[in-house]
Amino acid sequence: MLRFIYVILMNLFRAPYIIPKMRKWADHPEKYSEEERYKLVRHVIYLMKRSGKIKTVAYGEENLPKEGGYVMYPNHQGKYDALGIISTHKEPCSLVMDEAKSHTILVSEFVDLLQGKRLIKDNVRQALKIITEVSEDVKNGKKYILFPEGGYEFNNRNRVCDFKAGSFKSAIKAHVPIVPIALIDSYKVFNGFYLWPITTQVHYLEPIYYEEYKDMKSKEIAELVKQRIQDKISSIL
């Protein structure tokens, strides 16, 4: 939290220019391509990282499927998680986010620039709609970040909690690869009491293709992905 406030203060002079630009581009996707909007998002993340003394190192980028859409399933540690992934994921991707947390300044611009999905928790009908929309998008080649834990603890300390089986229905329905992602020390950026320079890690693990999981139940898939992430984090720490 301390670093979050520090980054905001260090970038206040940019706000009158960068936030209106982000909002304009987000509101007019017909004028600005997906690649242009994604480049702007990554530029803003770069500014935040530079001013906040944040470094993120990616491993296993060669594991990302070369063609078609896929869904990335990371462990969830805090506010920086999606930013860390996007900063290392070269191709445009989007995300599914808790609707209640998606309307603050800057966060809203990020979500809209990426044309992300806002998920209303405890609304089954809306959740089914989001599952269908994400499924259709990834069928058409889009990439998504989806956090199967659904939330995180402050000062997470690299703990991995249970994954929600329903989180995997979009990938299952679309028959696309599931990409587990192990995040390490991401919580130290904005969800811990840390101000010194920090390096976080993003580990792209080997994808799980439809042929491997097609006969599994969603609960079994959730446990498999969680275990692979947990094993990777344990092997590093």
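Biologist: Is Arg118 buried or exposed?

Modeller: Arg118 is buried, at 19% relative accessibility. Buried means under 20% relative accessible area, exposed is over 50%, and partly exposed is in between, using a 1.4 Å probe and protein chains only. Keep in mind that this is a predicted model, where local features need pLDDT of at least 70, side-chain atom pairs count only at pLDDT 80 or more, and totals for chains, interfaces and linings use all residues. Residues are numbered from 1 along each chain as its sequence is written, and side-chain values use heavy atoms, with hydrogens and water left out.

Biologist: Which side chain does Arg118 meet in a salt bridge?

Modeller: That's Asp112, at 2.8 Å from N to O. A salt bridge here is a side-chain nitrogen of Lys or Arg within 4 Å of a carboxyl oxygen of Asp or Glu.

Biologist: And what does Lys117 pair with?

Modeller: Lys117 makes a salt bridge with Glu133, 3.2 Å from N to O. That pair links distant parts of the chain, 16 residues apart: Glu133 sits in helix α6 (residues 124-139) and Lys117 in strand β4 (residues 117-119). Helices (H or I, at least four residues) and strands (E, at least two) are DSSP runs, numbered from the N terminus. Lys117 is buried at 16%, while Glu133 is partly exposed at 23%.

Biologist: Which residues are joined into one network by shared partners?

Modeller: Arg23, Asp27, Glu109, Asp112 and Arg118. Within it, Arg23 and Glu109 meet at 3.3 Å, N to O. Arg23 is in helix α2 (residues 15-27) and Glu109 in helix α5 (residues 107-113), so this bridge ties together parts that are 86 residues apart in sequence. Glu109 is buried at 8%, and Arg23 is partly exposed at 22%.

Biologist: How many salt bridges in the whole structure?

Modeller: The search finds 15.

Biologist: Switching topic: how many disulfides?

Modeller: 0, counting a disulfide as a pair of cysteine sulfur atoms within 2.5 Å. Cys93 is buried, at 3% relative accessible area, and Cys161 is partly exposed at 32%.

Biologist: Which residues line the largest cavity?

Modeller: Cys93 is one of them, and the lining also includes Glu34, Arg37, Tyr38 and Lys142. Helix α3 (residues 34-52) gives the most to that lining, with 3 residues.

Biologist: What classes of residue are in the lining of the largest cavity?

Modeller: There are 5 nonpolar, 1 polar and 3 charged residues. Ala, Val, Leu, Ile, Met, Phe, Trp, Tyr, Cys and Pro count as nonpolar, Asp, Glu, Lys and Arg as charged, and the others, Gly among them, as polar.

Biologist: What counts as a cavity?

Modeller: On a 1 Å grid over the protein atoms alone, it's a set of points where a 1.4 Å probe fits but cannot get out, and lining residues have an atom within 4 Å of a point.

Terms used:
On a 1 Å grid over the protein atoms alone, a cavity is a set of points where a 1.4 Å probe fits but cannot get out, and a pocket is an open set with protein on both sides within 12 Å along at least five of seven lines; lining residues have an atom within 4 Å of a point.
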